[in-house]
Amino acid sequence: MPGNNRIVLGVIGSDVHAVGNKILEMAFEEAGFHVINLGVMVSQEEFINAAIESDAAAILVSSLYGHGEMDCRGLREKCQEAGIGDILLYVGGNLVVGKRTFDEVEELFKKMGFDRVYPPGVLPEVAIKDLKKDLGL
Amino acid sequence: MKALLIDFGSTYTKVTLVNLDPPALVGTSRAPTTIETGLLDGLNKALEAFSPEQLDGITVKKACSSAAGGLKIVAIGLVPELTVKAAREAALGAGARVMATYAYTLSDEELDEIKELDPDLLLLSGGTDGGDRKNILENAARIAESGLSVPVVVAGNKSAASDVKKILEKRIPHVVVTRNVMPEINVLQVEPARRAIRELYLQEITKAKGLDVIQQEVGLAMPTPLAVMKAGELFNKISGKEVVIVDVGGATTDVHSFCDGRPRKSGIVLKGLPEPFAKRTVEGDLGMRVSLQTLLEVIEENDDLHALREYVDRIKRERSLIAANEREKYFDRIFATACIREALLRHSGQLKELFTPEGRLWIQQGKDLTEIDILIGTGGALVFADDAGSLLRAGLRLENPLQLTPRQPQLMLDHKYVLYAIGLLAEDYPETAEVLLQETLKSLGRI
C-alpha cells in the first residue's frame, strides 16, 4: 500500500476491554495497514506520543465502558498543541451511557474534533473502507 | 600466566592480580588516582603492594576507567517518554554518564547548553523505523551547524539514517550509524547502540580524553560501570538467579538489575516503555565524597546535623579523606544508607492504584524488583565498612509498599572488591571470572 498507512490503535481511559482491540488490530493489518496497537488503558498522551514517533496518519480510539465522552474530550486540542493537529481521529464503541440517540452521540464527538464516529456493533470493514477513502489509499 | 586488571576510578586506582591457569586470585591493591601527574603514577603506586615474583608472568592487562569524568553522553530523541527514554537507557547500559537528555527539535539555547556540558559523545535518536523522519533530520542539521565537533552515534528511524549521516558528516568528524533504539512503539532495542558507543569509546574518545597512553600500556577496555554490568550479567547467567547490584562510589551510586521485572501478581497492568533485562541507573547526585552536598538534601533528619555539615566541608577540601574516628565512621554510614535507599528507590518501579468500572486495578511503571533473589553490594563505602550487612538492611528498609524495591533478597558483598575485574575477564576468560565470583561474593544473610 503506497502512502502513509500507519495508524495508532488503542482503548482509551481506564477501559480494559481487550478482545475487540485484538480483532481490530487483526482486521486493519489484514487490510494492509501498519497498526501500532497500544492495547488497553491508553491515555490521550500515549496516543499522541505514539502518533508523533511513528508519524501516523490516523488515531483510532475505542471506548467500551461508557466513559468515552469524558476520556476523549480535549484529544483534538492536545493533538493541535503537539503539532499533529491535522491527524485523522476515529472513535467507536459504547461511547456514552444513558438515553441519547446515536445521532446525538455522533454530533457530540464530531464537535470534539473526531472525523468519524461509530456506534456499537459496526464491523471493522466499514471503518477500513472509510479510512482508505479518507487517506486516499 | 597471570592477568592484571585495573580500574582507574575517580578517587582510587584499583588493581587485581589473578592467575589464569589454574584460575586463582593472587591479590588486590589500591592507591589514590593521579589525574594531575598522569594515571600511570597511581597505578605504579598501587602495584608496589606486590612483590616482583608476584608481578612476574603477567600476559594479560586490561583496564576500565571512570576517571576524567567517565564517559559523558548527551542523549537526544523525539518524545520524552519514548525515543528519549530509549536513548537514555542505551547510553546508561553502555556505562556512560548521561549528562542531559533532549526532546523534540533542539533549540539554540539547548545547543549552547550541550556545548557547555562538553560531552564525549552525542546519541541521536528519534522516530520509529518508517515513522517520523522530520525531527531527526532537523536535529542533525542543527547539530551540524552548531559548531559542535563531538562524535555522534545515530540510532533513530532507519529510513532517515543515511540522510542523517550525510548531513552530520559534513561537519562532524566521527558519525556512526547503528540500529534504532526504538524500532517500533514500545519496543526497546538498545544493544546495537550500546555496542556502537563502546567501539567509539575505544577508538576515539579515549584519545580525546588523553587516556590513549593507558590504552597502549594496559589495554583500556571499557568504562568501569560497563565492567560491573558484565560481572552482573555473568553471575545472572551462571546462577540463574535474579540479581541486583548496588555500587556506592565516591561520586555516584549505580544500581544494576538483571531480571525482567514484570508484574508478579494478577490485576496489574504494565505501562510505559519496556525495561531492559539488564538495566543500569546512575545517580550523579548520590556519592560518598564528590556529591555530598546534594546527598545532604535527602538525609532528612539527624541529631548531629551541624557536625555532619562540618564533616562534609572537610571532605570537600580533601576528597580521599577516610573516616578517622567512630563519629566520622557513623557519618559515613549515614551517607551510605542514604545512597543505597535513594538509588534503589529511583531504580525500581512503582505501583499506582486505579479505580475503574471493573473494580480496582494497579498500574505498574518500571521494574518490579520485590522478588529478586540476590542483592550484591559493592563500592568502597560497602566493601570497607565494618557492617556492610546492616548498611544494606537499613537501605532496604521498606517505607512505601507501592515502591517495588527488593523485599527479602539474599545479601552478598563483593568483599574482595573485584567485580570490575570479573567484568573485564568475563568475555575472554569466563572460567577465571567464575572463580573470582566465588572468591569475592560473601553472604551477609537475608534481610
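Predicted model: local features only at pLDDT ≥ 70, side-chain atom pairs only at ≥ 80, totals over all residues.
Reader: Let's start with chain A. What makes chain A as compact as a globular protein of its length?

Author: Happy to start there. The radius of gyration of chain A is 14 Å, and the globule rule gives 14 Å for 137 residues. The two values are close, so chain A is as compact as a globular protein of that length. Along the principal axes, its C-alpha trace spans about 45 × 30 × 25 Å.

Reader: Which secondary structure elements does chain A contain, and in what pattern?

Author: Chain A has six helices and five strands. Along the sequence they follow the pattern β-α-β-α-β-α-α-β-α-β-α. Buried residues make up 45% of the chain. Among contacts in chain A between residues at least 6 apart in sequence, 75% join residues at least 24 apart.

Reader: And chain B? How do you know how compact chain B is for its length?

Author: Chain B has 16 helices and 19 strands. Its radius of gyration is 22 Å, close to the 22 Å from the globule rule for 447 residues, so chain B is as compact as a globular protein of that length. Its C-alpha atoms fill a box of roughly 60 × 60 × 50 Å along the principal axes, and buried residues make up 50% of the chain.

Reader: How is chain B divided into domains?

Author: The domain assignment gives domain 1 (2-67 + 209-222), domain 2 (72-207) and domain 3 (225-446). The centres of domain 1 and domain 2 of chain B, taken over C-alpha atoms, are 33 Å apart. Six residues from domain 1 and six residues from domain 2 take part in the contact between them. On the domain 1 side, α8 (212-218) and β10 (220-223) of chain B each supply at least two residues. That side divides into three nonpolar, one polar and two charged residues.

Reader: What makes α9 of chain B largely enclosed?

Author: The count of buried residues. A residue is buried if 20 or more other C-beta atoms lie within 10 Å of its own. Twelve of the 16 residues of α9(B) are buried, so the helix is largely enclosed by the rest of the structure. Among them are B:Leu226, B:Val228, B:Met229, B:Leu234 and B:Phe235, and B:Lys230 and B:Asn236 are also in the buried set.

Reader: How do you know that the length of α9(B) agrees with its number of residues?

Author: At 1.5 Å a residue, the 16 residues of α9 (224-239) should span 22 Å. The end C-alpha atoms are 23 Å apart, which agrees. After the helix comes B:Gly240, with a positive phi near 70 degrees.

Reader: Now α11 of chain B. Why are its buried residues said to be on the same side?

Author: The buried residues of α11(B) are B:Leu308, B:Tyr311 and B:Ile315. They cover an arc of only 60 degrees around the axis, which puts them on the same side of the helix. An α-helix has 3.6 residues a turn, so residues three or four places apart point the same way.

Reader: What lies on the other side of α11(B), and what covers the buried residues?

Author: On the other side, B:His306, B:Glu310, B:Asp313, B:Arg314 and B:Arg317 are exposed. The cover over the buried residues includes α10 (292-298) and α12 (326-347) of chain B. The length of α11 (305-317) also checks out: 13 residues should span 18 Å, and the end C-alpha atoms are 19 Å apart, which agrees.

Reader: Why is B:Pro263 called partly exposed?

Author: Buried needs 20 or more neighbours and exposed needs 12 or fewer. B:Pro263 has 16 C-beta neighbours inside 10 Å, so B:Pro263 counts as partly exposed. It lies in the loop between β12 (253-258) and β13 (268-271) of chain B. Leaving out residues up to four places away in sequence, B:Pro263 touches B:Ile268, B:Leu270, B:Gln364 and B:Asp368.

Definitions and conventions: Residues numbered from 1 in each chain as written. Chains lettered and ligands numbered in written order. Domains from an automatic or database assignment. Contact = placed C-beta atoms within 7 Å. Helix = DSSP H or I, 4+ residues; strand = E, 2+ residues; numbered from the N terminus. Nonpolar A, V, L, I, M, F, W, Y, C, P; charged D, E, K, R; others polar. Expected span 1.5 Å × (residues − 1). Arc of directions from axis to C-beta. Rg over C-alpha atoms; globule rule 2.2 N^0.38 Å.
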